[in-house]
Amino acid sequence: MLLILGALPGIAALAAYAQVPEAVVCQKCHGNREFLARRVSTPQRAAALYVPDSILRDTQHGDIRCTDCHAGYGAGYPHQAEVPVVPCQTCHEQEGADWAASIHAVGEAVEDTPTCVGCHGSAHTVYDAEDRRSPTYPLNVAAMCGRCHADARIISTYFMAPEAAQARVAVPQYYQNVHGAALTRAGLVISATCNDCHRAHRVLPGDSSESSVNRSHIASTCGTCHVGVLETYEEGSAHGAAYRTARRSVEGYEAPACVDCHSAHQMVRADDPEWFLGISQKCATCHRHLWETYLGTYHGQVTDLGFGVTAKCSDCHTPHNMRPASDPGSSVYPLNLVATCARCHPGANENFVKYYTHGDPHDRERYPLLFWPWLLMTSLLVGVWGFFGMHSLLWFSGVAIERVRRRARTRGDRHDTRAGGTP
Amino acid sequence: MTWRLASSDRGEGPYIWRFSPLDRVLHAMVIISFFGLVITGTPLLFSHTGWARVLIRLVGGFQAAAVIHRICAVITFAYFFTYVAHLTYRVIRSSDKKGFFWGPNSMVPQPKDFRDSIQNFKWFFGKGPRPRFDRFNYMDKLDYWGEFWGVVVIGGSGLILWFPEFFALLFPGWIFNVATIIHGIEALLAAGVIFTIHFFNANLRPEKFPIDIVMFTGRATLEYLKKEHPLEHERLVREGRLEERLAPAPSRAAYLWSVVLGLVALVLGIMLIALILWAIMQWNA
């Protein structure tokens, strides 16, 4: 689609010249396989020069003239052997400029540099991105990008810098992730593919502030499709508010954006237990103490053992609408607690929600009701076990003393016997 | 009689009864249910360790562990209430009611127990002879009352955690926090006492090493009685009641099974306490 829109001004300008069906002239030779085979040395070259109207007519370039791109061939025959092709950006100005600014255009151009034809294929077979045959059709994009990003030679030649780590693994990871699975396994063309997040022409690395996948833009990039989630996140969640204002945590961490929890290329379904378990630990990056106290509860212990069934952070605090407990819109606002707990505990009542989900028995100030039982029980444990443990250890001392004395007595007896005394 | 692995079967016979069939069945229920409870419960307390993750999967995951834990809890309540009911019945039927609450056949701690413990500490330091015990020494009573206390405290707090929605009709939610604390620490105390102190007093101390199967076969040799419970022996002789307590020797099969199962339980318990101590050290590290 972009291709068509971008090409419109160019096409309009060319329309004036399109009077003569000039292709008919070129077709005389370039639509004749036998002729080409006679004229050039190799069959490969002959195949490349074979551009019959039947192919061309069906492509995006079907109604422009051969000489619009192959300018300089117009006058007479036989024409020169090689004349440079007019660059694509002559017509596709915006795409050309975007590409020139992208990471694909950096450095000196080499044979492997992904230029227009690298992704779109030959100009003679360029199809609309909505055409199933196009390498830029959603179902084909990942494979097209993978021609470089999953190619061992390209990877080992160009992507070995530490900052290119993502470029090495992105495509294989994509095939495994929820977007890739939706596309390749469920055949769902509306699922995100490479260019939906990275853009088609202005592909920029994530650390570039202009990039669509830069931290500062990632929420709106994901929100292009996940509109509802973006609204929830931006409009009231504590994380969204901090993200908007670029506020950092006490520890210096940036507010979590989409990819911090879901990752960029390894995002899985939200009900995947392994991922879910990892998420709770990610929350702990900033919410350390809440995580530690959570681990003291049954919810946390079962989570810690690697089971996804008991309540995780997002089960009580919601995945995208987490708000402070003082906010009436929060799932953990006191008046909303019964409803929140009742999602798993149908019988939850006013009493039930007085449970301390993050109670700390070591904190005498805030949780005296937990501190004193904890201290009492711990003292009992240490006292009883310590006392009787010592009792058991001292038993050996009793036995040892007994044996030493018995031996001494036996030796004494023998000595007495030798001396002629009575035992 | 030759030397035997089980200390209860060493030395001169004949055999003398010590525990009734009901005592032995109830003790077997204690062993089975307690191992079930510890194996399915400790992984929660030490969820930070690798062994906890392995152990919980060995029993079939945390859902299976939760079911096994509750089955063992039911076994615990079953032996507890069976014992209490039987005890009540015996007290009511007995002609010597005072004997249940005082004297050598009673489990009630008495001045002699305190004197014996002091005497034992003197013996530890070579400052006197060993105390001479009657039918139940003060370590037996520790085990007995520890079991009582443990079942009430762990069982009670466990019931609260088993039926939170019901208990929330009566109590504020923080009692689940308190119940969790009490349940966990008291369970550690129970495991600690049983797997080290009870194991030592009943099996591992030098006089009994490595095992004493009197609780399985219900009987021990006369020599064992004279060594471990000399006052009881003298009393039985004095009262002319030793005859009443004469028992046939346990069958070879009963002896072997008791030794094997007892040793398995000992090794398993020691392994569990080692894992617990290791986990506690990781906690502090």
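**The interface**

Start by showing chain A and chain B together. In this predicted model, the two chains bury about 4,400 Å² between them, 72% of it on carbon and sulfur atoms. Buried area here is the accessible area (1.4 Å probe) that two parts lose on being put together, summed over both. Select A:L305, A:W385 and A:W395 next. These residues of chain A lose the most area to chain B, together 18% of what that side buries.

Now select the contacts, meaning heavy atoms within 4.5 Å. On chain A 46 residues touch 53 residues of chain B.

Colour B:R130 and A:E402. They form a salt bridge, with the closest N and O atoms 2.9 Å apart. The count between the two chains is 1 salt bridge, defined as a side-chain nitrogen of Lys or Arg within 4 Å of a carboxyl oxygen of Asp or Glu.

Select α20 (298-304) and α23 (368-418) of chain A. Each supplies at least two residues of the side that touches chain B. The largest share of that side, 26 residues, comes from α23(A). Helices (H or I, at least four residues) and strands (E, at least two) are DSSP runs, numbered from the N terminus.

Colour this side of chain A by residue class: 27 are nonpolar, 14 polar and 5 charged. Ala, Val, Leu, Ile, Met, Phe, Trp, Tyr, Cys and Pro count as nonpolar, Asp, Glu, Lys and Arg as charged, and the others, Gly among them, as polar.

**A sheet in chain B**

Move to chain B. Its open sheet of 3 strands has the order β2-β1-β3, with antiparallel pairing. β2 (219-221) and β3 (246-247) of chain B stand at the edges, each with a single partner strand, so one side of each has no neighbour in the sheet. Strands pair if DSSP finds at least two bridges between them. Strand β1 (residues 15-17) of chain B is joined to β2(B) by 3 bridges. Pick B:W17: its bridge partner in β2(B) is B:R219.

**Backbone stops**

Stay on chain B and centre on B:P210. A cis peptide bond joins B:F209 and B:P210, with omega about 0 degrees. B:P210 lies in the loop between α8 (174-204) and α9 (214-217) of chain B.

Jump to A:A246. Phi is near 55 degrees, a positive value in a residue other than glycine. A:A246 sits in the loop between α16 (238-244) and α17 (258-262) of chain A.

**Confidence**

Colour by pLDDT, the predictor's confidence in each residue, from 0 to 100. Chain B has a mean of 95, and 99% of its residues reach 70 or more. Chain A averages 87, with 91% of the residues scoring at least 70. Over residues 1-20 of chain A the pLDDT is below 50. Where pLDDT is low, the predicted coordinates should not be read in detail. The complex has an ipTM of 0.94 and a pTM of 0.81.

**Reading notes**

Residues are numbered from 1 along each chain as its sequence is written, and chains are lettered from A and ligands numbered from 1 in the order in which they are written. Local features need pLDDT of at least 70, side-chain atom pairs count only at pLDDT 80 or more, totals for chains, interfaces and linings use all residues, and side-chain values use heavy atoms, leaving out hydrogens and water.
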